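Subject: Structure for your review

Dear colleague,

Please find below the structure that I am handing over to you, together with its sequence.

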Amino acid sequence: MHRRLSRPGAVLAACALALGACLVVASCGSSARPGCKADKDCKNHQACAAGKCVECITDEQCPRGKTCSNNACVTAAECKSDSQCPGGQVCQAGKCKACATDGECGPNSRCNAGACQPAKPCTKDDQCADDEECQQGFCRKPGSTSVGDATCTLSTVYFAFDDSTIQPSERDRLAGNVACIEKTKGKSVYLIGHTDTSGTEVYNIALSERRAQSVADYMSRLGTDPARMQIVPKGETEPTGLGDDKDRRVEFQWH
């Protein structure tokens, strides 16, 4: 009986293949260890969240002046509502700003020299200043976002730099706009998105559309019929002349 002898090269190749198979099996059989099980497993004062080391879980884990957002410490908003701003300023995209138009001041208020003040009651135009008209019982400057049989005005909302997220400071304004649209039957609204002049023209058109779309989505969740809202992206083509902060906005127009 003859035995078949393997060549040395074939033996070495077989051993290499077997070793490789063992390594693969060992790798497949083991599972990656989680990044952490507790805060003590993390370095640089990080916290353990869902098996991963993150910068923060709560605001208390961030330095003063910052807040925890999506497990990262970011600069805290200066304000969340107009009531937190001094001197009649308005809270826009988390910062206190001087008002520019009556529409920024809310119902029955007007913007005077950058500060929101109660509007003057009236019954006719003669009771108002030369540059104002009597609208819905109050003196207002012409060109507001009210129209026809609308008994309310629609407020402009503002955004942070290169951002289309609805800021907490804008939520009350959007809730007011939803209520206004609901009261005004038979009218639809243009949501006109704008940007500042940073970035390219093509990028800014897309950013202004994202801003208007995020407003439409938010208002839809609050109850506005999407069929009554139409998005109009303007990009950087219609600056306010009042600075970049005022240009990052979505305006409302009845139609």
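With which residue does glutamate 132 form a salt bridge, and how far apart are the closest N and O atoms? The partner is arginine 110, and the closest N and O atoms are 2.6 Å apart. Glutamate 132 is buried, its relative accessible area being 8%.

Please bear in mind that this is a predicted model. The mean pLDDT of the protein is 82, and 82% of the residues reach 70 or more. Two stretches call for separate mention. Over residues 1–8 the pLDDT stays under 50, and the model has one contact for them beyond four places in sequence. The pLDDT is also below 50 over residues 144–148, although this stretch has 12 contacts in the model beyond near neighbours in sequence.

Overall composition

The protein has 255 residues, of which 34% count as buried. Its secondary structure consists of four helices and 14 strands. Where contacts join residues at least 6 apart in sequence, 51% of them are between residues at least 24 apart. The accessible surface comes to about 15,600 Å², and carbon and sulfur atoms account for 52% of that area.

Disulfides

The count of disulfides is 11. Three of them are described here.

Cysteine 36 and cysteine 48 are joined with their sulfur atoms 2.1 Å apart. The torsion about their S-S bond is about 90°, so this disulfide is right-handed. It links distant parts of the chain, 12 residues apart: cysteine 36 is in the loop between helix 1 and strand 1, and cysteine 48 is in strand 1. Both cysteine 36 and cysteine 48 are buried.

In the disulfide of cysteine 62 and cysteine 73, the sulfur atoms are 2.2 Å apart. This link is left-handed, with -90° about the S-S bond. Cysteine 62 lies in the loop between strand 2 and strand 3 (66–69), and cysteine 73 lies in strand 4 (residues 72–75), 11 residues apart. Cysteine 62 counts as buried at 11% relative accessibility, and cysteine 73 counts as buried at 11%.

The disulfide of cysteine 79 and cysteine 91 has its sulfur atoms 2.0 Å apart. Its torsion about the S-S bond is about 100°, so it is right-handed. Here the pair connects the loop between strand 4 and strand 5 (90–92), which holds cysteine 79, with strand 5, which holds cysteine 91, 12 residues apart. Cysteine 79 is buried, with a relative accessible area of 2%, and cysteine 91 is buried, with 0%.

Histidine 194 is placed in the loop between strand 12 (189–193) and helix 3 (201–222). It is buried, with a relative accessible area of 0%. Its side chain makes a polar contact of 3.0 Å with the side chain of glutamate 251. Beyond four places in sequence, the residues that histidine 194 touches include Asp247, Arg249 and Glu251.

Arginine 249 pairs with aspartate 247, the closest N and O atoms being 3.9 Å apart. Arginine 249 counts as buried at 4% relative accessibility, and aspartate 247 is buried as well, with a relative accessible area of 5%. Arginine 249 also forms a salt bridge with glutamate 251, in which the closest N and O atoms are 3.3 Å apart. Glutamate 251 is partly exposed, at a relative accessible area of 25%. Elsewhere in the list of salt bridges, shared partners join Lys97, Asp196, Asp245 and Arg248 into one network.

Backbone points

Most residues other than glycine have a negative phi. Which value does asparagine 44 show for phi? It is near 55°, a positive value. Asparagine 44 lies in the loop between helix 1 (8–29) and strand 1 (47–49) and is exposed, with a relative accessible area of 69%. Alanine 50 likewise has a positive phi of about 55°. Its place is the loop between strand 1 and strand 2 (52–54), and it counts as exposed at 85% relative accessibility.

With kind regards

Technical notes
Residues numbered from 1 in each chain as written. Predicted model: local features only at pLDDT ≥ 70, side-chain atom pairs only at ≥ 80, totals over all residues. Heavy atoms only, no water. Helix = DSSP H or I, 4+ residues; strand = E, 2+ residues; numbered from the N terminus. Buried < 20%, exposed > 50% of the residue type's maximum accessible area, 1.4 Å probe, protein only. Polar contact = N/O pair within 3.5 Å; in protein donor to acceptor, adjacent residues only side chain to side chain. Contact = heavy atoms within 4.5 Å. Salt bridge = Lys/Arg side-chain N within 4 Å of Asp/Glu carboxyl O. pLDDT = per-residue confidence, 0-100. Areas by Shrake-Rupley, 256 points an atom, 1.4 Å probe, with all protein chains shown as cover. Disulfide = S-S within 2.5 Å.
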